[in-house]
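Dear colleague,

Please find below the structure I wished to pass on to you.

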Amino acid sequence: MGMSTVTAGRIYRGQEFRQSGEQYRLAFEKFPFVGLAKTYNVNAQVGDSAACATALFCGAKTNFHRVGVDSTSDGNLCTGGRPLSSLIEWAQRAGKATGLVTNTRLTHSTPSAAYAHVLRRDWESHTDSTGCKDIARQLVEDRPGRDINVLFGGGRLKFMPSTATDPVDSKQSGERSDGRNLIDDWRAIRGRHDRRQRHYVYTKYQFDNLQPETTDSVLGLFSPSHMSFERDRNRGPSGEPSLAEMTVKAIQILSQKKHKRGFLLIVEAGRIDHGHHVNSAWHALTELAALDDAVRAVLATVDPSDTLVVATADHSHVFTLGGNRTPRGTPITGLDSQKDINGVPYTTLLYGNGPGYVPERNITRLERTHDSEYRQETAVNLRYETHAGEDVPVYATGPRSHLFTGTFEQSYVAHAISYAACIGHYRNQCQRPVEEVKAGGDTYRPQALLVVLGVTMAALRARQLGQW
Ligand SMILES: [Zn+2]
């Protein structure tokens, strides 16, 4: 979700609401503070999701494709370097409830950086992981994964044995060759959560019937692999919830009174990236619209005076919005007002590289630029479009949102959040309210705080407001 995605997405949304589009404001564009994050990896000029998410969630840059481990080489074949702790772990240690919501597989590169430690991001299940403990197992067996209260996303097959058939799509079966059924294992965890209030759900119907009051922890796996693109989603009882619906339900569960020390929630709109990788601006922009809906729902659900909300991206894409005196209000998936040197029109949205490459440009192809299946043209022919290396915006509102200004390393985001929320290194640096200090004991209740990480979103919440 680089800057060009935000600008084009804002116009797309505005035009859906029958405006000319340029003046529309996405929900996070109303946040008072904006900064720029530098997204390079330790060994790469242009970052990948795993290493960028590790910077965002663990506060340390690392090498390309590493998940939750640093960039050192200690000879360990499974991690490469030292494991890093994450915002989720810091929040749990401070007594907060935690949640992770994504519309990709829960074991995919971005969400996994919040709980797993592996050398390679594609070690999602036993079959992929070359003898190392795979990401799905780490989520179910290890801390902090097993203690996360709310887990919503896709990727059921990574948790199911190869002998089991998918409960919704009978043509697919589990991907685990070790025979483990990690969904059953997750149900049986003897951890900090009440087992009677532990629920596994996998359809929209079950999701809708999930009662926050009787839910202490929940695992929702709504798709065999990634969840559907929002506009392709089955909204029926056997279908999938939207990103906004999952986010609101997560906040309802996490913000119950029993979670006295508040919560941290990470939400990822991970399919913006997938639209871009196939040069489908339509998919990227409609997924950004789904994120916009989710952020709007967040703002309507939490108290903005005690909740920090941060929206950002893990990295950008080689996506541009160009034109030469293109009239305001021109459909954003349409054509510029001038033609190329051969007299062939071109779209205002273009990519630097990817599968949309056309050796000889022609007018026939341009008759369907508004279709969901249309691929914008590129300069270089690649099977998949690449990420881009420029800085990404970081939008923030709520307590201590002023920390997110200027140009900073991406890893700073995790530290600023931990500072604002009094977790991690800053756990003991918040002043206690006077009356609680007098009363003695460990009764400090830190600030309510919520973090939205654009492509990725985290929330943190608590009560006490006085000391900010
Ligand atoms: Zn990507």
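The lining of the largest pocket comprises 3 nonpolar, 7 polar and 3 charged residues. In this classification Ala, Val, Leu, Ile, Met, Phe, Trp, Tyr, Cys and Pro are nonpolar, Asp, Glu, Lys and Arg are charged, and the others, Gly among them, are polar.

Please note that this is a predicted model, in which local features need pLDDT of at least 70 and side-chain atom pairs count only at pLDDT 80 or more, while totals for chains, interfaces and linings use all residues. Residues are numbered from 1 along each chain as its sequence is written, and side-chain values use heavy atoms, with hydrogens and water left out.

The volume of the largest pocket is about 260 Å³. Among its 13 lining residues, Arg121, Asp273, His277, Tyr384 and His387 are the closest to the centre. Helix α9 (residues 271-277) contributes the most to this lining, with 3 residues. A pocket here is an open set of points on a 1 Å grid over the protein atoms alone, where a 1.4 Å probe fits, with protein on both sides within 12 Å along at least five of seven lines; lining residues have an atom within 4 Å of a point. Grid points are joined across faces, edges and corners, and the volume is the space filled by probe spheres set on the points. Helices (H or I, at least four residues) and strands (E, at least two) are DSSP runs, numbered from the N terminus.

Turning to charged pairs, the whole structure holds 35 salt bridges, each defined as a side-chain nitrogen of Lys or Arg within 4 Å of a carboxyl oxygen of Asp or Glu. One of them joins Glu409 and Lys61, at 3.2 Å from N to O. This pair links distant parts of the chain, 348 residues apart: Glu409 lies in strand β16 (residues 406-409), and Lys61 in the loop between α2 (49-58) and α3 (87-93). Glu409 is partly exposed at 25% relative accessible area, whereas Lys61 is buried at 14%. Buried means under 20% relative accessible area, exposed over 50%, and partly exposed in between (1.4 Å probe, protein chains only).

Arg143 and Asp147 form another salt bridge, at 2.6 Å from N to O; Arg143 is exposed at 53%, while Asp147 is buried at 1%. A further salt bridge connects Arg176 with Asp178 at 2.8 Å, N to O. Here Arg176 is buried at 0% and Asp178 partly exposed at 26%. Elsewhere, salt bridges with shared partners join Arg13, Glu16, Arg231, Asp292, Asp293 and Arg296 into one network.

With kind regards
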